[in-house]
Amino acid sequence: MMKKKRKNTVFVPIVALVASFLVLISLSVFFWKHKGIRIKQGKTDANFFMTDSKTPNIGALNLKNPRFTYAEIVKMTNNFEMLLGEGSFGKVFHGYLDDDTEVAVKMLSESSRQGYDQFEAEVKLLLTVHHRNLTALYGYCDEGNHVGLIYECMANGNLKEHLRAESNEDILSWKGRLRIAVESAQGLEYLHYGCKPPRVHRDVKSENILLDKKFQAKIADFGLIKSFPGEGGTHVSTVVAGTFGYLDPEYFQSSRLTEKSDVYSFGVVLLEIITNRPVITNTDENSHIKQWVSFMLAQGDIKNIVDQRLHGDFDSNSAWKIVELAMHCVSTTSLRRPTMNHVVIVLKDCLAMEMARTDGQGNEPKDQHEMFTVYLNSEVAPLAR
Ligand SMILES: Nc1ncnc2c1ncn2[C@@H]1O[C@H](COP(=O)(O)OP(=O)(O)OP(=O)(O)O)[C@@H](O)[C@H]1O
């Protein structure tokens, strides 16, 4: 009896010590994990996006509750100090989260009811779908008239701005263009085949391909996204939406949407990447970029199709290959268009060809900017090839 009691007097303090040690460890792990990340309590007001413990990772941050108040948005953007851009949804401002993560805050303009539907579509999609080539959503605000989306900041803006760059220093190199093409194609491939249910973006265009600080390309603007039936079903019937010039003519006529509509629009983006021509020109007989490229192809000279500002500094086999692929994507009949799986494979081949050429020249880029741009001294004559 005595013996048993003595055993307990030693045992109990040890157990207590070990238990408090474990509690201490768990608390430190908890605080370390949530260091710098803002955690908010669930709100009780009407909210169609209330999240629970099943909320998946949001971008890189894994916020437990991605809902922000308007006051937090004001603080985050320093009272909407810096405008990044503007679309039909509203204005996009620069900001920082509490842990100094850079963000872009898209605020829905008060007049736009259609914008609210797009807002719902984007939040629903981005809370469940994550890929390195899709712009990540960190959170949203839905407080009365104040409706907004908080995205990862894509510091290098959109692809269209880069293609239109006027300064010689900012012209995208051929390798840079092919990388952007591969990465954005991977984002679409994921929407079509990597998530359940599969999705069609419906507004693929060069303005909706954004570049982060390392020039990594990501698809953005998911306001028009639609789920479509995977195995078994072939299409959904829907009100036609998209952007003039990028819109699949077959979908426009039939209202039958499939993933091949994105393939068509992506083909138009590829033609822009190759040629740097406007999608529609009013002055030309071949007013659509696709007509212009087929006209030029008939002349059989790749150098006149590829952006003249590259002065022939590209692997011509990769140029032929990507032009052929782009024209395949913009086939009038959707059945003739390739899948995004195929597009990714061909684009990777093109990139490998160009890398073999440039790496062979032994001129490794010094920084990210140089990797993506061609430094053309204005006094240097165009290279003959
Ligand atoms: N995450 C982001 N990071 C940095 N800039 C962004 C981000 N999202 C949008 N922008 C900038 O704001 C601009 C407007 O974006 P938004 O997605 O609202 O409209 P859009 O795609 O240009 O037009 P629309 O919505 O009418 O099709 C973009 O072109 C881009 O320059």
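Trainee: How many residue pairs are in polar contact between domain 1 and domain 2?

Mentor: Happy to walk you through it. This is a predicted model, in which local features need pLDDT of at least 70 and side-chain atom pairs count only at pLDDT 80 or more, while totals for chains, interfaces and linings use all residues. Residues are numbered from 1 along each chain as its sequence is written, and side-chain values use heavy atoms, with hydrogens and water left out.

To your question: six residue pairs are in polar contact between domain 1 and domain 2, both residues being at pLDDT 80 or more. A polar contact is a pair of N or O atoms within 3.5 Å; within protein, one must be able to donate a hydrogen and the other to accept it, and residues adjacent in sequence count only if both atoms are side-chain atoms. On the side of domain 1 that touches domain 2, helix α3 (residues 113-126) gives the most, with five residues. Helices here are DSSP runs of H or I with at least four residues, strands are runs of E with at least two, and both are numbered from the N terminus. That side of domain 1 divides into five nonpolar, six polar and four charged residues. In this scheme Ala, Val, Leu, Ile, Met, Phe, Trp, Tyr, Cys and Pro count as nonpolar, Asp, Glu, Lys and Arg as charged, and the others, Gly among them, as polar.

Now for the two partners themselves. Domain 1 covers 67-152 and domain 2 covers 159-370, with bounds from an automatic or database domain assignment. Their centres, taken over C-alpha atoms, are 26 Å apart. Contact, meaning heavy atoms within 4.5 Å, involves 15 residues of domain 1 and 18 residues of domain 2.

The area buried between the domains is about 1,400 Å², and carbon and sulfur atoms give 56% of it. Leu125, Asn133 and Leu134 lose the most area on the domain 1 side, together 36% of what that side buries. Buried area is the accessible area (1.4 Å probe) that two parts lose on being put together, summed over both.

The rule finds two salt bridges across the interface of domain 1 and domain 2, a salt bridge being a side-chain nitrogen of Lys or Arg within 4 Å of a carboxyl oxygen of Asp or Glu. Glu152 forms a salt bridge with Lys218, and the closest N and O atoms of this pair are 3.2 Å apart. Asp221 also forms one, with Lys106, at 3.7 Å between the closest N and O atoms. This pair links distant parts of the chain, 115 residues apart: Lys106 is in strand β4 (residues 102-108), and Asp221 is in the loop between β9 (217-219) and β10 (226-227). By the same rule, the count comes to 12 salt bridges.
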